[in-house]
Amino acid sequence: MNINWKELTFHYTETDYIVRSACKNGVWEQPYATRDKMIPIHAAATGLHYGQECFEGLKAFRGIDGRVRIFRMEENAKRMYQSAEGLLMTPVPIELFCEAVLLALKMNINFLPPYETGATLYFRPLLVATTPDISVGPGKDCEFVVIPTPIGPYFPNGFKGMPALVNRTVDRAASQGTGCWKVGGNYAASFRASEAAHAMGYECMFTDAKTHKYIDECTASNFIGIKHHESRTENQESYYEYITPRSSAILPSITNDSLMTLAREMGIKVTRRRIHVDELADLQEAAACGTACVISPLTRVVDPDNNITYTFGDEPGPILTKLYHALQDIQYGRVKDKHNWCTVVEQTV
C-alpha cells in the first residue's frame, strides 16, 4: 500500500474489506467482512426500480494521542434508522450499525490516515431494498453495507473558501418530500443544477422548492450564516448570531448540530429559521457545513436572477474559523470531549 495521504481528495480509494449484513424476512444476519466489493442484487429489486435506498457518511480520526475517534456514530445510526422508516424499509438496528462500522475500521485499520495529514477514514453505510417486485410498493428485504475509504478534503480548497451560485431552476427536494432523509434521489435530483454551477466555477446554492426565495441547502450541505449585531446604545453589547435554515426539506446535519452546540458555548446566539436570499447582504460570514466538508466558507454568492453578488472575503471569517478549529480539536482529541461525541478506539483495534 502506497498512499500519499496529503494528496487525497473526496473520491473512492479501494480498501481491503467492506462489511455486509442482509435482512431476510425481518431478521438481520451478523455483520461480516468480505473482500468482495460487489453486491449481488436481483434485477427486479425495488431499490433499483423505485429508489428505495438510503445512506450515511461518518469519519474516523487518528488522534494526537494515537487513539482512533469515530465522530457521533450513534447519531448517524439514528439518522439512517429514520431514513429507512421514511422509505418503509426495514431499519438497521442501532447496535448492528455501530458493530458494522467498528468491524470495518478493524479490518481496514491500515487505511486510517496518520495524524496531521488532513485525511480521515470515511465510512459510507448503504441500505438498499433487495425484494424482487416490479409492482409499485416497498420491499422489505434489504442489504446493508459499510464501505470504508480514506479521503481528503471534500472541496479542493478545503477551508480556504469557495464561491456559490444561487439556483432557482432545479429543485433538490420538496418540503413534504424526502429532503429530511438521506436518500440518493435527493442528490440525483440536484445534479443538473450542481454540474451547471461547477461548469461556471461555482458551487450551487439551492432555494426552497415552493417559492425559490429562501435558502435551502448549499451544495449537498447545510448552510450557515454569521451575523454581527452592532450595539445601538451604550448599555447594549454587540453580539454574533449563528443562523441556519429551518425546513422539512433539509437533511438534519450532525455536523451542523455539533457546531450549533459549540456556538452556544462560545456565547453566540443560535437561530434556526427561514433565511431569505436577500438576507445574505446582512451576513458577515457564510458557509456550507457537513460531515464531508466540515465547514467550507463562502467567498461570495452570486444571484444571477437579480444581478447581485454578496461578498464575504477571500479568507475565512473569525467566527467560522473558531468553530472549525473547535470541532476539529474534539475530533482529533486535542481537547476534552465533554459531550461524549466520539467513540474512542485504541490504535491496536
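A: Happy to! Let's start just past the end of helix α4, where G201 takes a positive phi of about 90°. Please keep in mind that this is a predicted model.

Stepping back into the helix itself, α4 covers residues 184-199, which makes 16 residues. From its first C-alpha to its last, α4 reaches 22 Å, close to the 22 Å expected at 1.5 Å a residue. Even so, α4 has a kink of about 45°, and that kink is centred on F191.

Which residues of α4 are buried? They are G184, N186, Y187, S190, A193, S194 and A197. The spacing in that list is worth a look with helix geometry in mind: an α-helix has 3.6 residues a turn, so residues three or four places apart point the same way. As for what lies against these buried residues of α4, their cover includes the strands β4 (53-55), β9 (162-167) and β10 (203-207).

From the helix, let's move on to the cysteines. The structure holds zero disulfides. Take C23 as one case: its closest cysteine sulfur is that of C142, and at 5.7 Å the two are too far apart for a bond, because a disulfide needs the sulfur atoms within 2.5 Å. C218 is in no disulfide either, with the nearest cysteine sulfur, in C204, 8.2 Å away. Both cysteines are tucked away from the surface: C23 is buried at a relative accessible area of 0%, and C218 is buried with 0% relative accessibility.

Now for the rings. The model has nine aromatic pairs. One of them joins W28 and F144, whose ring centres are 6.5 Å apart with planes at 85°, so this pair is edge-to-face. The W28–F144 pair ties together distant parts of the chain, since W28 belongs to strand β2 (residues 27-28) and F144 to strand β8 (residues 142-151), 116 residues apart. W28 counts as buried at 16% relative accessibility, because the limit for that label is under 20%. F144 is buried too, with a relative accessibility of 1%.

Elsewhere, ring pairs link F10, Y122 and Y154 into a cluster. Finally, there is a contact between a charge and a ring for you to inspect: the charged end of R274 sits over the ring of Y214, 3.8 Å from the ring centre.

Terms used. Residues numbered from 1 in each chain as written. Predicted model: local features only at pLDDT ≥ 70, side-chain atom pairs only at ≥ 80, totals over all residues. Heavy atoms only, no water. Buried < 20%, exposed > 50% of the residue type's maximum accessible area, 1.4 Å probe, protein only. Phe/Tyr/Trp six-rings, centres within 6.5 Å; stacked < 30°, edge-to-face > 60°. Helix = DSSP H or I, 4+ residues; strand = E, 2+ residues; numbered from the N terminus. Lys NZ or Arg CZ within 6 Å of the ring centre and 35° of its normal. Expected span 1.5 Å × (residues − 1). Bend = angle between axes of the 7 residues up to and from the residue. Contact = heavy atoms within 4.5 Å.
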